[in-house]
Amino acid sequence: MADAEPGVVPAVEATADDIATMEIRGAATIADAAAAALATQADRSGAESPAAFRRHLRAAARTLYETRPTAVSLPNALRYVLRGMDGETVADLRASTIARAETFRRDLERAQETLGEIGANRLRDGDVVMTHCHSTDALACIDVALESGKAIEAIVKETRPRKQGHITARQLREWGVPVTVIVDNAARRYLDRVDHVLVGADSIAADGSVINKVGTSGLAVNARERGVPVMVAAQTIKLHPDTMTGHTVEIELRDEREVLSDEERATIIGKGDEDESAAEDDGLTVDNPAFDVTPARYVDAIVTERGQFPPESIVTLMRELFGETTDEPWTV
Ligand SMILES: O=P(O)(O)OC[C@H]1O[C@H](OP(=O)(O)O)[C@H](O)[C@@H]1O
């Protein structure tokens with residue numbers, strides 16, 4: 001983690017650490033935590049002038065922003081809250097920022113509920129869904145379907161390396177859904193039994209491509225080959241405004257030890273991990289991209305709180321919601 005920025009309260013640093021280490025994870029949950037952290041910064045700020053207050057809020061936003069690069073819900077949340085920071089006095093700035101963060105968090109929750117109602121319409125009684133990773137937006141669709149009396153079964157991909165599929169399986173079992181957990185490599189074999197692939201998104205690009213947990217693109221290609229529709233549940237906070245002006249979405253590369261422990265690495269290269277020469281270049285590289293890009297042509301529908309969209313038309317909604325401005329969150 002980078003050095004603390006002046007004026008940033010410890011609670012914001014702690015939230016940033018939790019996001020970076022994935023104690024707090026999932027694009028919507030990260031956005032919610034970031035907005036809450038900005039409210040805490042506003043509440044506890046020791047700034048004595050409006051200029052210092054604004055400076056410290058922006059520094060807090062930068063600290064949160066620098067944690068993980070792929071889920072656009074994070075900068076979108078920061079930008080939204082900072083745009084509401086308004087007033088001539090520290091007291092007014094504090095109140096307006098806190099109120100804006102509260103509005104954001106409430107809207108986020110409502111958006112997920114609405115999205116769930118829309119997504120549930122795609123699910124029929126008796127359907128089997130295949131999930132990848134853990135997405136609260138995707139689960140919201142199943143939740144509403146269950147509430148309306150539909151029976152749903154789930155085939156849950158484990159999702160290496162961090163196995164967020166376990167979180168999905170736990171939630172679904174809590175709701176009484178019959179769950180079959182499979183290793184990621186088994187997905188194609190099980191697609192014959194599946195009515196929908198249902199995943200979330202960390203970012204949606206202007207061309208309708210979906211940036212989600214690594215493995216989503218292979219799953220979508222296989223699903224297309226098997227004729228299984230792919231449904232992406234993503235609130236509009238996942239729409240990536242920079243992609244309207246040609247920017248690409250940065251794919252996070254995480255620590256290689258999520259894939260290979262030091263002991264496993266030592267076993268592969270045939271050295272004890274206490275061996276000093278193990279620190280030298282041993283010719284073994286481990287890559288650990290956290291996300292991949294699924295082209296729009298493999299996605300059947302993007303379900304948002306504003307309705308269901310064919311991926312190719314998502315840019316229309318993006319323009320309506322974001323205009324063409326794509327500044328860094330703290331330059332607003
Ligand atoms: O916003 P919700 O739908 O909860 O999650 C969206 C996405 O965030 C997660 O990323 P990570 O586990 O934080 O790397 C997954 O890729 C998931 O599909």
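Select Arg68 to begin, which counts as buried because it has 21 C-beta neighbours inside 10 Å (buried means 20 or more other C-beta atoms within 10 Å of the residue's own, with C-beta atoms placed from the backbone). Residues are numbered from 1 along each chain as its sequence is written. The model is predicted, with local features needing pLDDT of at least 70 and side-chain atom pairs counting only at pLDDT 80 or more, while totals for chains, interfaces and linings use all residues.

Arg68 sits in the loop between α3 (50–65) and α4 (73–83), where helices are DSSP runs of H or I with at least four residues and strands are runs of E with at least two, numbered from the N terminus. Leaving aside residues up to four places away in sequence, Arg68 touches Ile19, Ala20, Leu74 and Glu252, a contact being two C-beta atoms, placed from the backbone, within 7 Å.

Next, select the residues that an unreviewed UniProt entry lists under "binding site", including Arg25, Arg68, Asn212 and Lys238; such annotations may be inferred rather than shown by experiment. The listed residues are spread over 214 residues of sequence, yet they cluster in space, with a largest C-alpha distance of 14.2 Å.

From that group, move to Asn212 in strand β6 (residues 210–213), which counts as buried because 31 C-beta neighbours lie inside 10 Å.

Finally, select Cys141, Val197, Val232 and Ala233, which have the most contacts inside the largest nonpolar core, of 51 residues (such a core is a set of buried Ala, Val, Leu, Ile, Met, Phe, Trp, Tyr and Cys residues joined through C-beta atoms within 7 Å). Helix α6 (residues 136–147) gives the most to this core, with seven residues.

Methods
Buried ≥ 20, exposed ≤ 12 C-beta atoms within 10 Å, placed from the backbone.
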